[in-house]
Amino acid sequence: MFKKMESSPHTHSGKLTARIMLWVIAAMLPAMLTQIYYFGMGVLVQSALAISFALLLEFIVTKLRNKPNLVYISDFSVVLTALILAMAIPPYAPYWVILIGTLSAVILGKHVYGGLGQNPFNPAMVGYVVLLISFPLQMTSWMPPISLLNEPPTFADSLSLIFTGLTTDGFSLSQLVHSIDGITQATPLDSAKIFYNLHQGDESVFHDFVKLPILLQNGTDFAEGWWQVNLAFMLGGIILILKKKIHWQIPVSMLVTFVTLATITAMSGHHHLSMISQLFSGAMMFGAFFIATDPVTASITPRGKLVFGSLVGLLVYLIRYFGNYPDGVAFAILLSNICVPLIDYYTRPRVAGHFAKGRK
C-alpha cells in the first residue's frame, strides 16, 4: 500500500503559531488595561464584540471552504486581528462600526487571499482603513480621559452608548464631554493638525500650547492618556523582542527613521507637535511593535526588515506632516505591505557557493 507523497514542508506546527499569537495578545494586555483606565470600559466591550464576531466569521468561512474549523480557530490569529482592530477604534463607536471593520478584516484582509500565510496586507489594518474612509465621523469621536468627566460612564453606560448612542441616563457622547472647556472629541493628532493649519503664518501662537484644542498635561504638548497607552505598547513590544517573538529591526528602523526626519523638519522651522510627543501619540508604538511586525505581511529577510521598517517610518512622517490624515500608521503599513515582495527580492541573502555578478 502506497502513501500519497506531498511536497515539503512535510510538517507544520500549529501550536507554534498559536503560541506566538498568545504571546502577542498577552503583551497587548497592559496597553488594553491602560486604555480602560483612561478611556473607560468601552474598550472591553468593543474587544468582546470584535473577538466573538471574528470567531463566528472564521467558523463560517472555513466551513464554506471545507477547511478544518478548529485548526484555523485554535491558532488565535483571528483573535489577535480582532483585538488589534478593537483597540484601534474609539471605545464608544457604534456597535456596527466594529462589526463592519471585523468583517472587512477577516473576509477582505485574510480569507479572500486564502487565509493566514497568504494575505499580502495586514488584515486588521484593512478593516481599520475601510472604517476610517467610510465613517470618518465615528472614527474620530474619541472621548477625553474619563477622570475629567463629571459623570464617568459605568459599564452599563458603555454598553448603552455603543448599542444605542445614549447612556442609561439618556446622555449622548457629546453631552458627556460638553462640560469640559476646550476639549474636542478628536485625537490629539487630529486637533494639532487642525490648529497648525489654521494658524499658519502666525508665529505668536505656535509656542503657546495651552491654546491647542487638545487635552494637555502640565503645560506640555503631551496629551494625557495617549502617551501612557503608547508607553504600555512600547513596554509590551520590548518584552516580545526580548522573548524573540518579534524581530527588533522593524520597530527600531521605523522609529529611528521617523525621529530623524521629524527632528530635521523641526530644525527647519516647520511647526507641529514635538518629536517626543509625536512618538507617544496616535498609533505610533502600537504600529511599530504590534502591527508592522506581522510576520506574514512584513519583509522576511534581515536587511529587508530594516528597509521595510524605514519605509513605514518614512510614510508615517510624510502623512503626519504633509498629508490630510493626522496619524497615518495604518496607511503607511498597508502601502509598505505592497512593497514587501520587491524588498525581499533585492535583499535576499546570498546563497552559499554563489558569488556576486562579475566575481569568481
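Which helix gives the largest share of the nonpolar patch? Helix α8 (residues 155–164) does, with three residues. Helices here are DSSP runs of H or I, at least four residues long, numbered from the N terminus.

The model is predicted, so local features need pLDDT of at least 70 and side-chain atom pairs pLDDT 80 or more, while totals for chains, interfaces and linings use all residues. Residues are numbered from 1 along each chain as its sequence is written, and side-chain values use heavy atoms, without hydrogens or water.

**The patch.** Select Leu 44, Tyr 95, Phe 155, Leu 159 and Phe 163, which make a nonpolar surface patch of about 420 Å². Areas come from the Shrake-Rupley method with a 1.4 Å probe.

**Phe 155.** Stay in helix α8 and pick Phe 155. Its relative accessibility is 42%, so Phe 155 counts as partly exposed; buried means under 20%, exposed over 50%, and partly exposed lies in between.

**The cores.** Next, select Met 28, Ile 89, Met 125, Tyr 128, Phe 286 and Phe 290, the residues with the most contacts inside the largest nonpolar core, which has 80 residues. Such a core is a set of buried Ala, Val, Leu, Ile, Met, Phe, Trp, Tyr and Cys residues joined through side-chain atoms within 4.5 Å. Apart from this core lies another, of eight residues, including Tyr 92 and Leu 161.

**Whole chain.** Zoom out: the protein has 16 helices and zero strands, and 51% of its 360 residues are buried.

Definitions and conventions. Patch = residues over 30% accessible without salt bridge, like charges linked within 9 Å, V, L, I, M, F, W, Y side chains within 5 Å. Salt bridge = Lys/Arg side-chain N within 4 Å of Asp/Glu carboxyl O. Helix = DSSP H or I, 4+ residues; strand = E, 2+ residues; numbered from the N terminus. Buried < 20%, exposed > 50% of the residue type's maximum accessible area, 1.4 Å probe, protein only.
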